[in-house]
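I opened this notebook to keep track of what I looked up, entry by entry, while finding my way around a structure that was new to me.

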Amino acid sequence: MKYPGIEQLQRISTRWLQTGRNFIYPPRCSLCGMEAVCTGVNCGTQIEEIVPALARVCQRCGAPVGPHLDSSGGCTDCRGEKFRFAKAVALGKYEGPLQEFILNLKQNHGAYLGGGLANLLFYRNREFFESLEADLIVPVPLHWTSRLRRSHNPASIIAEALSHRLQAKYSGNILAKRKKTPPQTSLTPQNRRTNLRDAFHVRRPGRVKDLRILLVDDVMTTGSTANAASRALLQAGASEINVAVIARAPRI
């Protein structure tokens with residue numbers, strides 16, 4: 001008879017311990033506070049009130065657009081941009097409570113918010129995500145000096161949660177940021193494009209060759225960061241890049 005090893009026993013005991021904790025202290029959604037693991041559906045009207053769904057968005061960059069604008073070829077925000085990614089999708093606008101969620105997510109104490117936001121993003125855009133048939137989920141990385149100040153990368157938490165929903169592989173280290181750059185928010189739209197030139201590189205090009213990749217970040221403004229990261233992945237051999245973010249911020 002084969003007995004379980006130490007590691008297997010540790011996994012079993014951890015699972016039972018968590019089950020006991022959940023029975024005594026039912027898990028609450030990090031977004032709406034309901035006694036349920038957030039799926040983006042359980043939150044119901046409470047989440048709809050604090051994170052309103054975008055009525056119409058640009059089919060290219062995910063920005064909110066008016067009711068009569070044909071955005072199949074882009075919108076006023078992106079029509080002049082030469083984006084390397086195919087499409088982008090967002091949960092909502094970078095304002096109000098959603099902005100507060102993201103600002104807290106960026107703090108060392110706010111990592112727990114990432115899973116709930118990712119789940120809501122997935123369920124609101126489930127058809128879009130499933131149509132991508134992504135092979136690999138990749139977060140936009142931080143420069144190593146930024147990781148000294150933060151306990152986590154928000155994009156990594158969101159990307160890993162999406163990989164579970166999509167049953168797709170996740171890689172948090174295949175794409176790296178090799179160049180320390182000033183914050184995009186401190187620059188003009190023109191300088192944002194040049195600021196990230198050659199900032200990203202792929203550590204193992206063979207692992208992205210011919211793959212459809214979903215690139216994940218917390219916020220998109222002009223799309224310059226997603227575009228620079230997409231360029232690096234395509235140059236390494238990826239076949240297509242699509243982008244998912246929690247919020248779309250207005251262009252400055």
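The entries below go from the ground rules to the sheet, then to the helices, and end with a few single residues.

**Ground rules**

I noted that this is a predicted model, in which local features need pLDDT of at least 70 and side-chain atom pairs count only at pLDDT 80 or more, while totals for chains, interfaces and linings use all residues. Residues are numbered from 1 along each chain as its sequence is written, and side-chain values use heavy atoms, with hydrogens and water left out. I took helices (H or I, at least four residues) and strands (E, at least two) as DSSP runs, numbered from the N terminus.

**The sheet**

I looked up the strand order and found an open sheet of five strands, β1-β7-β6-β2-β3, with parallel pairing; two strands count as paired if DSSP finds at least two bridges between them. The edge strands are β1 (88–93) and β3 (169–170), each of which pairs on one side only.

I then went along the sheet pair by pair. β1 and β7 are parallel and share five bridges, and valine 89 stands opposite alanine 244 in β7. Between β6 and β7 (residues 240–248) I found eight bridges, again parallel, with leucine 214 opposite asparagine 242 in β7. β2 (residues 136–139) is joined to β6 by four bridges, also in parallel; leucine 136 has isoleucine 213 of β6 as its bridge partner, and isoleucine 137 has leucine 214 of β6.

**The helices**

I checked helix lengths against an expected span of 1.5 Å times one less than the number of residues. Helix α7 (residues 154–166) has 13 residues and should span 18 Å, and its end C-alpha atoms are 19 Å apart, which agrees. Helix α4 (residues 113–124), with 12 residues, reaches 17 Å from its first C-alpha to its last, close to the expected 16 Å. Nine of the 12 residues of α4 are buried, so α4 is largely enclosed by the rest of the structure; among them are Leu113, Leu117 and Phe122. The buried residues of α7 include Pro154, Ile158, Leu162 and Leu166.

For helix pairs I used axes that are lines fitted to C-alpha atoms, for helices over the stretch in contact, with angles from 0 to 180 degrees between N-to-C directions. The axes of α4 and α7 come within 8 Å and cross at roughly 45°, and these two helices are therefore oblique to each other (under 35 degrees is roughly parallel, over 145 roughly antiparallel, 65 to 115 roughly perpendicular and the rest oblique). The axes of α3 (residues 96–105) and α4 come within 9 Å and cross at roughly 140°, which makes α3 oblique to α4.

**Single residues**

Threonine 221 lies in the loop between β6 and α9 and counts as buried at 17% relative accessibility. Its C-alpha is separated by 8.9 Å from that of alanine 63, 158 residues apart along the chain.

Is glutamate 133 buried or exposed? Glutamate 133, in the loop between α5 (126–132) and β2, is exposed, with a relative accessible area of 53%. Its phi is positive, about 50°, although glutamate 133 is not a glycine.

Definitions and conventions
Buried means under 20% relative accessible area, exposed over 50%, partly exposed in between (1.4 Å probe, protein chains only).
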